[in-house]
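Hi everyone, thanks for coming. I'd like to walk you through one structure today, so please have a look at the sequence and the model before I go on.

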Amino acid sequence: MRQTLRRSCAACAKSKHSCDLGTPRCSRCIKRKVHCVYANVPLTAPPAAPGRENGGSIRPLDGSGTLTGYRFGSLDPFDSYPQTRLPREHVQRLIHSFLHKIAFQYYPLDLSTTSNPFLISWWPLALGDPALFHVSLQTACLDEELLAQKGFQSSELLMADSVALLRRKVEDTSLAVQDGTMNSVITLAAIEFGKGNIKVSEMHIDGVKRLVTMRGGINSVRQTSPLTARMVSWVSMLVMGHPQFETQNDMGIGDGIPPIPEWQLGSTALHRDFSDLSSIIDVDHAVQNVFIRLRSVFQRAQRIPFPTTRLHDLTCFVVHRLLLSASDTANDQSSPITECIRYAIILYMFIVHGTTYYSHTVILNTIVTRFMEHLKRLESTPRVYDSLNVWLLGIGMVSSTGTIHYQWFKERARDMAASLQLSNWNDALICVKSVLWLETLQGEDIFRSHWDAILSAPSQPEPLDFPVGISPNGGSTSIGFL
């Protein structure tokens, strides 16, 4: 392996400018009329012999953000990419996998090749950042090796080089706070978490939090790189099990995670009559405020659907807001109805969000357990079943599917359905939609199978497992994303 992985010419590297890697001289050196010397010859030069350490590249995105002129296995249309210790053909295969598979599995909320941020933002950044490039290849390599079931030799090699390259970057303050550095660190956190290396993953989270602070807060990061801010806030919460960043207030003031624009419009709903949901009156203000605003946002979404990335931002904000105001102790003084609604909203947001953008199975299981504890507290108080109970237990069944808790929710939902004389799914749906509901393509199907199993004949088959995610300690993939 060569002594340096730097691809820029010496003049561009010294002045810390981007180098277009033109040969025999880059355009900047031609313009400045200076000598142009490369530490590594850009790969627009003739390719090295097969099997040697070398780099390669892929044609960049065109103006619309789509991949153009790409021919897998071809050499001549390639521009330069950072050097690795893997054979050229292997690198090309991993690049192809990242761009055509991993980019959409990491960020399936955006399936368009013209707007998927891993294609239009992440990848161009990785081409000029050896650390991020290695981390990106590593995600594709892990996926490949997990399917092959023949060990993890290549991904471990990429991991060693990723860490070494990152260590150099974080030693330089100007390089440490770059988007590429933060993207690399948070991805390594997700990878280690997926492998079950929890302590190492948490170490990476601590590191990226310091970088966020150096950048002026998570909202400041979002101003220049929405993708980086989304990854850092979401993954850090999933890894640590609780929020690592504050949220802005309802008006969008502060350094924390911002609300979506529709959230602020929901302030008008705070003064509406909620006589159809008398239970909401007894809920503490912090949770009541989220419930009412969220209800307004969902109703608005029926008229003006918002993009799927907006749904992710809404989910991230709501889950952070509700968990931040929750008590860490089992003996909290808030009312049982407050805590039941708090955790039901969190679980519902995970359900409508889906298993996208990293698995949330671990934190979901924790929330389900807390939800059960507060439902038991609520059962100890005299109450009459109403639509709210249908909503609560429906969410409990869906979010606990495939776990040891499912039967507990199912039995209580069956008793409640008998008490309310619910005869079919439509009866349950009317109750659920009267509380808090977002219309989605598969929303009704996800809930209906559970209610059909309860309300129909005993021979009705059990509902299929709802894909809540993949455990970081097992499953078909353990990289931390689907």
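Predicted model: local features only at pLDDT ≥ 70, side-chain atom pairs only at ≥ 80, totals over all residues.

Residues are numbered from 1 along each chain as its sequence is written, and side-chain values use heavy atoms, with hydrogens and water left out.

Let's start with Leu-125. Leaving aside residues up to four places away in sequence, Leu-125 touches Leu-132, Asp-179, Gly-180 and Asn-183. Asn-183 is 58 residues away along the chain, yet its C-alpha atom is 9.9 Å from that of Leu-125. Leu-125 sits in helix H4, residues 117-127; helices here are DSSP runs of H or I with at least four residues, numbered from the N terminus. Is Leu-125 buried, exposed or partly exposed? Its relative accessibility is 34%, so it counts as partly exposed. For the cut-offs, buried is under 20% relative accessible area, exposed is over 50%, and partly exposed is in between, using a 1.4 Å probe and protein chains only.

Now for the inside. By nonpolar core I mean a set of buried Ala, Val, Leu, Ile, Met, Phe, Trp, Tyr and Cys residues joined through side-chain atoms within 4.5 Å. The largest one has 127 residues, and Leu-314, Val-318, Ile-345, Trp-391 and Trp-451 touch the most other members. Helix H15, residues 336-353, gives the most to this core, with 13 residues. A second, separate core has nine residues, including Cys-29. Back to Trp-391: among the residues that it touches, not counting those up to four places away in sequence, are Ala-344, Ile-345 and Val-432.

The axes of H17 (residues 387-400) and H20 (residues 443-455) come within 10 Å and cross at roughly 100 degrees. That makes H17 roughly perpendicular to H20, a label for angles of 65 to 115 degrees. Axes are lines fitted to C-alpha atoms, for helices over the stretch in contact, and angles run from 0 to 180 degrees between N-to-C directions. At the meeting place, H17 residues including Val-390 and Gly-394 meet H20 residues including Phe-447 and Trp-451.

Finally, some backbone angles. Gln-149 has a positive phi, near 55 degrees, although it is not a glycine. Gln-149 is in the loop between H5 and H6, and is exposed, at 64% relative accessible area. Gln-421, in the loop between H18 and H19, has a phi near 60 degrees and counts as exposed at 68% relative accessibility. As for H11, 13 of its 15 residues are buried.

Technical notes: Helix = DSSP H or I, 4+ residues; strand = E, 2+ residues; numbered from the N terminus. Contact = heavy atoms within 4.5 Å. Parallel < 35°, antiparallel > 145°, perpendicular 65-115°, else oblique.
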